[in-house]
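User: I'd like to go through this model and ask where each label comes from. Can you set the values against the rules for me?

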Amino acid sequence: MKLELKNIKIVKALSEETVCFTAFGYVNGIKTFTVSNRGHGGCHEYAEIDCEPDTRARFDAVDAWAKSLPPDHYNGMELPRDLDCVVDDLVIEHELRQLLKRMTKGKIAFIRDNKLWTQSLKSADPNYVSLAIDTFKTKNPNAKVLNEMSESEAIALLKVAA
């Protein structure tokens, strides 16, 4: 089962206890539902998209799939998964992807001592950036430079450090 969120719109100004957002949910590549959260705490709100006759069946299937995932572990507790948890993970990943783009544009983004840092660059010229990163790595051998990692590797590190 493949679940994707597209057209994710996050409204930070309205995010209080939870992230305020709207998105479309695609199940196996087919637009199936809208999902949103008003940012005041509580569960997400889902609405099926009625353009396909088997929309309800697809939504029920993705909901059952999410509930069948292995539980999360937090502070020694086992927490069951559901569709809200999976959607949360996708929204967080989207936010981290946006953060990564902002941090690596005209800067060296790195993790040192499990803390996230950036260093501004004087130029965006690819040759200059490459030279600056090489120089930075020579002076900071223990730093993990996000600019040189694949997006998935960098996001995995950001989840821990951010």
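Analyst: Happy to. Two strands count as paired if DSSP finds at least two bridges between them. Keep in mind that the model is predicted.

User: Then what makes β2 and β3 a pair?

Analyst: Strand β2 (residues 21-27) and strand β3 (residues 30-37) are joined by 7 bridges and run antiparallel. The rule asks for at least two bridges, so β2 and β3 pair.

User: Which strand pairs with β3 over 4 bridges?

Analyst: That's strand β4 (residues 45-48), again in the antiparallel sense. T34 has A47 in β4 as its bridge partner, and F33 stands opposite E48 in β4.

User: What makes β1 and β4 the edge strands?

Analyst: The open sheet has 4 strands in the order β1-β2-β3-β4, with antiparallel pairing. β1 (3-10) and β4 each pair on one side only, which makes them the edges. From one strand to the next, the twist averages 25°.

User: Which helices touch that sheet?

Analyst: Helix α1 (residues 55-68) packs on it, touching β1, β2, β3 and β4, and its direction makes about 60° with that of β3. Helix α2 lies across β1, β2, β3 and β4 as well, running at about 60° to β1.

User: Why is α2 called roughly perpendicular to α4?

Analyst: Helix α2 (residues 83-104) and helix α4 (residues 151-161) pack at an angle of about 105°, with their axes 10 Å apart. Roughly perpendicular covers 65 to 115 degrees, so α2 is roughly perpendicular to α4. In the contact, E93, L96, R97, L100 and M103 of α2 meet E151, A154, I155, L158 and K159 of α4.

User: H94 is in helix α2 too. How do you know whether H94 is buried or exposed?

Analyst: Its relative accessible area is 16%. Buried means under 20%, so H94 is buried. Leaving aside neighbours within four places in sequence, H94 is in contact with I8 and I10.

User: And G76, buried or exposed?

Analyst: G76 has a relative accessible area of 84%. The cut-off for exposed is over 50%, so G76 is exposed. You'll find G76 in the loop between β5 (72-74) and β6 (77-79). From F24, G76 is 52 residues away in sequence and 34 Å away in space, C-alpha to C-alpha.

User: Let's turn to the other hairpin. What makes β7 and β8 a pair?

Analyst: Strand β7 (residues 107-112) and strand β8 (residues 115-120) share 6 bridges in the antiparallel sense. At least two are needed, so β7 and β8 pair. I108 has Q119 in β8 as its bridge partner. There are 2 residues between the strands of this hairpin, and D113 takes a positive phi near 55°.

User: How do you know that β7 and β9 pair?

Analyst: β7 and strand β9 (residues 144-145) have 2 bridges, in the antiparallel sense. The rule is at least two bridges, so β7 and β9 pair. F110 has V145 in β9 as its bridge partner.

User: How many aromatic pairs are there?

Analyst: The count comes to 4. One of them is F110 with F136, at 4.4 Å centre to centre and 50° between the planes.

User: What makes you say that the charged end of K6 sits over the ring of Y26?

Analyst: The charged end of K6 is 4.4 Å from the centre of the Y26 ring. The distance limit is 6 Å, and the charge must also be within 35 degrees of the ring normal. K31 likewise lies over the face of F24, at 4.1 Å from the ring centre.

Technical notes. Residues are numbered from 1 along each chain as its sequence is written. This is a predicted model: local features need pLDDT of at least 70, side-chain atom pairs count only at pLDDT 80 or more; totals for chains, interfaces and linings use all residues. Side-chain values use heavy atoms; hydrogens and water are left out. Rings of Phe, Tyr and Trp (its six-membered ring) pair if their centres lie within 6.5 Å; planes under 30 degrees apart count as stacked, over 60 as edge-to-face and the rest as tilted. Axes are lines fitted to C-alpha atoms, for helices over the stretch in contact, and angles run from 0 to 180 degrees between N-to-C directions. Angles under 35 degrees count as roughly parallel, over 145 as roughly antiparallel, 65 to 115 as roughly perpendicular and the rest as oblique. Contact means heavy atoms within 4.5 Å. Buried means under 20% relative accessible area, exposed over 50%, partly exposed in between (1.4 Å probe, protein chains only).
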